[in-house]
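Hi everyone, thanks for making time for this. Let me put the structure up on the screen so that we can walk through it together.

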Amino acid sequence: MSETTKNIAREVVVEKPLLLRGEAWMDILWDLFCPGCQIPLVGRLIAESLEELGVGSNAIMVGCVGCTGILIASLTMDRVSPAHGRGPDVATALKRIHPETVVFTVQGDGDCIAIGAGPLIGALTRAEKITVIMVNNTNYGTTGGQLAPTTLTGQVTSTTPKGRSPSAEGYPVHTAEMVATFRGTAYSARGSLHTPADYQRTKKYVRTAFQRQIEGVGFSFVEVITACPVNWHMTPVKALEWIGEKVIAEFPLGEFKNVTHIE
Ligand SMILES: Cc1ncc(C[n+]2csc(CCOP(=O)(O)OP(=O)(O)O)c2C)c(N)n1
Ligand code: SF4
């Protein structure tokens, strides 16, 4: 290393959250994600939110099957990997056994609202005091980019090579809006990560969702839109632009329900 290189002043802008693992082997884990994938950012914003609320050592993460499921290895807390789509069932059991603990699932959109639609609706119906974080990348990422309930109308996927057609495959499912209609829901929001400002807003949504659980108000939910450049057949930069132009036109961002008391 030259003297000049050694003397470059480095200003720390942001630290790695302590809850996010930092061991050298983690490089192998991050390498599992495609270039431009935003799922690792979801892990980061969860870690930051729990740390800011001071509950990191008192939380249990319930993972899922899929690219989103890789996150299960990234956080230093108690974690459980359920069968595909069964996160809300497992989270229900954990929360009922450990009511003082923050219990949350992190699920792909296929995991949460396709194969896992039943467990999600069950937890909503029972007004479980858990938090569900659903990663919406508009397709089944892991298995080769098939149609998901969240696929946009006209979007080309490996199972809709001519684009999603409402007459054949129906319309995109708006999960955050649907969750907000349940009486036992305390909080429901949708955020994205396609700009730094959106990252901060989405982190606020995740923090509020955890806060409502800590207060014991009811079910809380955050849908996070993320880029899947490989299955969208786009560069990482183009994928972020596509979110800003097309994805949020179908899936508006914001809070759909936020209450501190349920009758
Ligand atoms: C019971 C069962 N059915 C099907 C599969 C195959 N499978 C693995 S991941 C996946 C889809 C995952 O998509 P999504 O939940 O949207 O997560 P992403 O990979 O996009 O994060 C499927 C169908 C499985 N592992 N288990
Ligand atoms: S397939 Fe999509 S969701 Fe999965 S790691 Fe690659 S970019 Fe991420």
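Predicted model: local features only at pLDDT ≥ 70, side-chain atom pairs only at ≥ 80, totals over all residues.

Let's start with strand S6, which covers residues 219-225. How many of its residues are buried? Seven of seven, so to speak a strand that is mostly covered. In a regular strand, side chains alternate between the two faces of the sheet. If you look at S6 one face at a time, Phe219, Phe221, Glu223 and Ile225 are on one side, and Ser220, Val222 and Val224 are on the other. Both of these faces are covered, with every one of those residues buried.

Now, which strands pair with S6? One is S4, residues 131-136, which runs parallel to S6 and is joined to it by six bridges. Within that pairing, you'll find Thr131 opposite Ser220. Another is S5, residues 185-192, also parallel to S6, with seven bridges between them.

Let's move on to the ligand. Where does ligand 2 sit? In the second largest pocket. Around ligand 2 you can pick out Phe33, Cys34, Cys37, Ile39, Cys67, Asn137, Gly141, Cys228, Pro229 and Asn231. By type, that shell has seven nonpolar residues and three polar ones, and none that are charged.

That's my tour, and I'm happy to take questions.

How values were computed. Residues numbered from 1 in each chain as written. Chains lettered and ligands numbered in written order. Heavy atoms only, no water. Near = heavy atom within 4 Å. 1 Å grid on protein atoms, 1.4 Å probe; cavity = no way out; pocket = protein on both sides within 12 Å on 5 of 7 lines; lining within 4 Å. Sits in = over half its atoms within 2 Å of the grid points. Nonpolar A, V, L, I, M, F, W, Y, C, P; charged D, E, K, R; others polar. Buried < 20%, exposed > 50% of the residue type's maximum accessible area, 1.4 Å probe, protein only. Helix = DSSP H or I, 4+ residues; strand = E, 2+ residues; numbered from the N terminus. Pairing = 2+ DSSP bridges.
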